[in-house]
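Subject: Structure handover

Hello,

Here is the structure I promised to send. Please open it beside this email and follow along.

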Amino acid sequence: MLMRTKSSLERSLGLDISRGLEAGEFSVYYQPQWDLFSKSVTGFEALARWHAPGYGQISPSEFIPIAESTGGIKELGEWVLLTACGQAKRWQKIVKQPFLISVNVSGHQLEQKDFASRIITMLSITGLAPEHLELEITESVFLHNLPAILHSLTCLREEGVRFALDDFGMGYSSIHHLSRLPLDCLKIDQSFVRALDSGQTRTVIKAMANLAGELGMRTVVEGVQNESEEFNLWQLGLNQGQGYKLSPPVSAEKAIGFII
Ligand code: C2E
Ligand code: MG
Ligand code: MG
């Protein structure tokens, strides 16, 4: 039996993000986010997909860490941004309702000195208004060149670009971080949804919703899989949901069905 070990995967794919991009092996899928009260779709998260010949579909949880360690994440991240913003602009021409496009960005991208000007150039190429783009960052940015990152975030926020803190509640979460970053949205990690049965978890979710509200941020909860979770999360004060209850990430052709 063929064993696909992590090291062989790294060896064979690690340096090949550029080749994969050139060969057209990457695509962007879109997962809708919706308002937990009105149930209307408010936006989409763009998620990278890699279909490599001989490997099939490779999960982002495999290739993103490889891309981060080899530096390929900068090229990949920029391609995802350009693709997603171009797609959002084309959708806007067809649909009337406003929606946000959210794109994950890595600390390696953010710490590039010209990150802000790259984003502004990309917005002008695609024609997308800055206020329709939300960049999802994680608390791992604190492991990078923080002054440079804060400078880029502040410049972009002044232009109107929005920022979300992804996977909040996991890893290095610190409430202190919330007051240091120019954030518009807190994305609550799906591990909280999986533990909704616990009274303690519900109290923590409610406290996070209150905290975000006090800080003027909206909340998106990840991994909402059924109506009962959706109702409970709304009751606890969260604003928006994302998860299999409405849809997994899908191709652009399918995703537009949620807004027309
Ligand atoms: P993320 O940004 O937190 O994205 C949400 C992940 O949760 C996605 O996994 C999505 O498919 C999954 N998910 C959504 N709803 C549900 C649900 O109801 N149940 C379950 N079990 N899972 C759900 P995916 O697409 O595999 O992406 C994994 C991670 O890879 C992302 O987590 C993000 O950190 C990273 N990633 C993906 N695309 C990019 C990219 O273009 N750039 C960067 N820097 N990171 C990316
Ligand atoms: Mg995300
Ligand atoms: Mg997340």
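In which strand is D167 found? D167 sits in strand β6, residues 162-168. Strands here are DSSP runs of E with at least two residues, helices are runs of H or I with at least four, and both are numbered from the N terminus.

Some ground rules. This is a predicted model, in which local features need pLDDT of at least 70 and side-chain atom pairs count only at pLDDT 80 or more, while totals for chains, interfaces and linings use all residues. Residues are numbered from 1 along each chain as its sequence is written, chains are lettered from A and ligands numbered from 1 in the order in which they are written, and side-chain values use heavy atoms, with hydrogens and water left out.

**Backbone**

Back to D167. Its phi is positive, about 55 degrees, although D167 is not a glycine. D167 counts as partly exposed, because its relative accessibility is 29%. The classes are buried under 20% relative accessible area, exposed over 50%, and partly exposed in between, with a 1.4 Å probe and protein chains only.

K39 also deserves a look. Its phi is positive, near 70 degrees, and K39 is a residue other than glycine. K39 lies in the loop between β1 (26-35) and β2 (41-52). With a relative accessible area of 46%, K39 is partly exposed.

**Helices α6 and α7**

Two packed helices are described by the angle between their axes and the distance between the axes. For α6 (residues 115-126) and α7 (residues 146-159), the axes come within 8 Å and cross at roughly 30 degrees. The axes are lines fitted to C-alpha atoms, for helices over the stretch in contact, and angles run from 0 to 180 degrees between N-to-C directions. So α6 and α7 are roughly parallel to each other. That label covers angles under 35 degrees; over 145 is roughly antiparallel, 65 to 115 roughly perpendicular, and the rest oblique.

Which residues meet? F115, A116, I119 and I120 in α6 meet S152, C155, L156 and E159 in α7. Contact means heavy atoms within 4.5 Å. Of the residues in this contact, six are nonpolar, one is polar and one is charged. Nonpolar means Ala, Val, Leu, Ile, Met, Phe, Trp, Tyr, Cys and Pro; charged means Asp, Glu, Lys and Arg; the others, Gly among them, are polar.

Beyond its neighbours within four places in sequence, P130 is in contact with L123, E159, G160, V161 and R162.

**Core**

The largest nonpolar core has 72 residues. Such a core is a set of buried Ala, Val, Leu, Ile, Met, Phe, Trp, Tyr and Cys residues joined through side-chain atoms within 4.5 Å. Y30, I119, L133 and L135 have the most contacts inside this core. Helix α4 (residues 73-94) gives the largest share, eight residues.

I94 is in helix α4 too. At 56% relative accessibility, I94 counts as exposed. I94 touches I256 and I260, leaving out residues up to four places away in sequence.

**Cysteines**

How many disulfides are there? Zero, where a disulfide is a pair of cysteine sulfur atoms within 2.5 Å. For C85, the nearest cysteine sulfur is that of C185, 17 Å away. That is too far for a bond. C85 is buried at 0% relative accessibility, and C185 is buried at 0% as well.

Best wishes
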